[in-house]
Amino acid sequence: MEASIQEYRKKMKKKLSETRYEHSLSVSFTCICLAMRYGYPLDKAEIAGLLHDCAKCYGDEELIRRCEKHGIPLSRAEIDAPAVLHAKYGAWLAREHYGIQDEEILCAIACHTTGKPDMGLLDKILYVADYIEVRRFKAGHLPEMRRLAFEDLDEAVYQIVKSTLEYLAQRGCSVDPMTQETYDYLEERRKTHE
Ligand SMILES: [Fe+2]
Ligand SMILES: [Fe+2]
């Protein structure tokens, strides 16, 4: 790793709002706990959690502008519903500005809002930690998801994707195709394992 965790924290504290920084710390600590439970390197989990929202300080238009400027390809769906773009641009920022070279960390940051089919262990840890961290209070079924996260990580990922899709449908929000793809993949896998 290029820098120490303290240096990453200092940078993030300067960039993010107080609430977003608190969220990042909580996600980081939750990632550590899940990494302990499922046998993943704690230092990598800690960094992924801390940096996952490093691009959350930019608005939608700014994110699109920055992606175009740096030649990061965007799909039509991402331009139409840019709420998920901070993950993609965040992975770029983590590599270019925070010096992260570890592909597993970068991949986990890139898919932390939508998930993706066939997620790796760190992808799952970060995805779940982002949902269950201690400062969250609005997300659905929180006590159950927090318990499930430490009992069965795959089931927790599935339930969170499902609950996210239900929430978006209730509010009439558009769904990023990757979230749907993740759900379809997990649903199919459950069927074949029954
Ligand atoms: Fe995020
Ligand atoms: Fe987050």
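## Leucine 168

Leucine 168 lies in helix α10. This placement comes from a predicted model, as does everything below. Is leucine 168 buried or exposed? Its relative accessibility is 17%, so leucine 168 counts as buried. The cut-off for that label is under 20% relative accessible area.

Now look at what surrounds this side of the helix. Set aside the neighbours within four places in sequence, and leucine 168 is in contact with Cys173, Ser174 and Val175. Arginine 9 is another matter. Leucine 168 and arginine 9 stand 159 residues apart along the chain. Their C-alpha atoms are separated by 32 Å.

## Glutamine 159

Stay in helix α10, which covers residues 153-170. Glutamine 159 has its place there. Its relative accessibility is 19%, so glutamine 159 counts as buried.

Which side chain does glutamine 159 reach with a polar contact? The partner is the side chain of glutamate 155, at 2.8 Å. Glutamine 159 also touches Met145 and Leu148, once residues up to four places away in sequence are left out.

Move to helix α6, residues 85-96. Glycine 90 lies in this helix. How much relative accessible area does glycine 90 have? The value is 0%, so glycine 90 is buried. Beyond its neighbours within four places in sequence, glycine 90 is in contact with Cys54, Ala55, Leu85 and Ile109. Alanine 77 sits 13 residues from glycine 90 along the chain. The C-alpha atoms of these two are separated by 18 Å.

Serine 28 belongs to helix α2, which runs over residues 18-38. With 1% relative accessibility, serine 28 counts as buried. Which residues does serine 28 contact, apart from neighbours within four places in sequence? They are Glu46, Gly49 and Leu50.

## Two loop residues

Next come residues outside the helices. Aspartate 118 is found in the loop between α7 and α8. Helix α7 spans 103-110. Is aspartate 118 buried or exposed? Its relative accessibility is 54%, so aspartate 118 counts as exposed. The backbone deserves a look too. Phi of aspartate 118 is near 55°. That is a positive value in a residue other than glycine.

Histidine 141 is in the loop between α8 (121-132) and α9 (142-151). At 47% relative accessibility, histidine 141 counts as partly exposed. Histidine 97 is 44 residues from histidine 141 along the chain. Their C-alpha atoms are separated by 36 Å.

## The whole chain

How many helices and strands does the chain have? There are eleven helices and zero strands. From the N terminus on, the elements run α-α-α-α-α-α-α-α-α-α-α.

What does the radius of gyration say about the overall form? A compact globule of 194 residues would have a radius of gyration near 16 Å. The chain has 16 Å, so the two agree. Along its principal axes, the C-alpha trace spans about 45 × 40 × 30 Å.

## Contacts, surface and charge

How much of the chain is buried? Of its 194 residues, 46% count as buried; glycine 90 and serine 28 are among them. Contacts also link parts of the chain that are apart in sequence.

The chain exposes about 10,200 Å². Carbon and sulfur atoms supply 51% of that area. The chain has 28 positive and 33 negative side chains. The centres of these two sets lie 5 Å apart.

Definitions and conventions: Residues are numbered from 1 along each chain as its sequence is written. Chains are lettered from A and ligands numbered from 1 in the order in which they are written. This is a predicted model: local features need pLDDT of at least 70, side-chain atom pairs count only at pLDDT 80 or more; totals for chains, interfaces and linings use all residues. Side-chain values use heavy atoms; hydrogens and water are left out. Helices (H or I, at least four residues) and strands (E, at least two) are DSSP runs, numbered from the N terminus. The radius of gyration is taken over C-alpha atoms; the globule rule is 2.2 Å times the number of residues to the power 0.38. Buried means under 20% relative accessible area, exposed over 50%, partly exposed in between (1.4 Å probe, protein chains only). Accessible areas come from the Shrake-Rupley method with a 1.4 Å probe; for residues, only the protein chains shown count as cover. Lys and Arg count as positive and Asp and Glu as negative; His and the chain ends are not counted. The place of a charge is taken as NZ of Lys, CZ of Arg, CG of Asp or CD of Glu. A polar contact is a pair of N or O atoms within 3.5 Å; within protein, one must be able to donate a hydrogen and the other to accept it, and residues adjacent in sequence count only if both atoms are side-chain atoms. Contact means heavy atoms within 4.5 Å.
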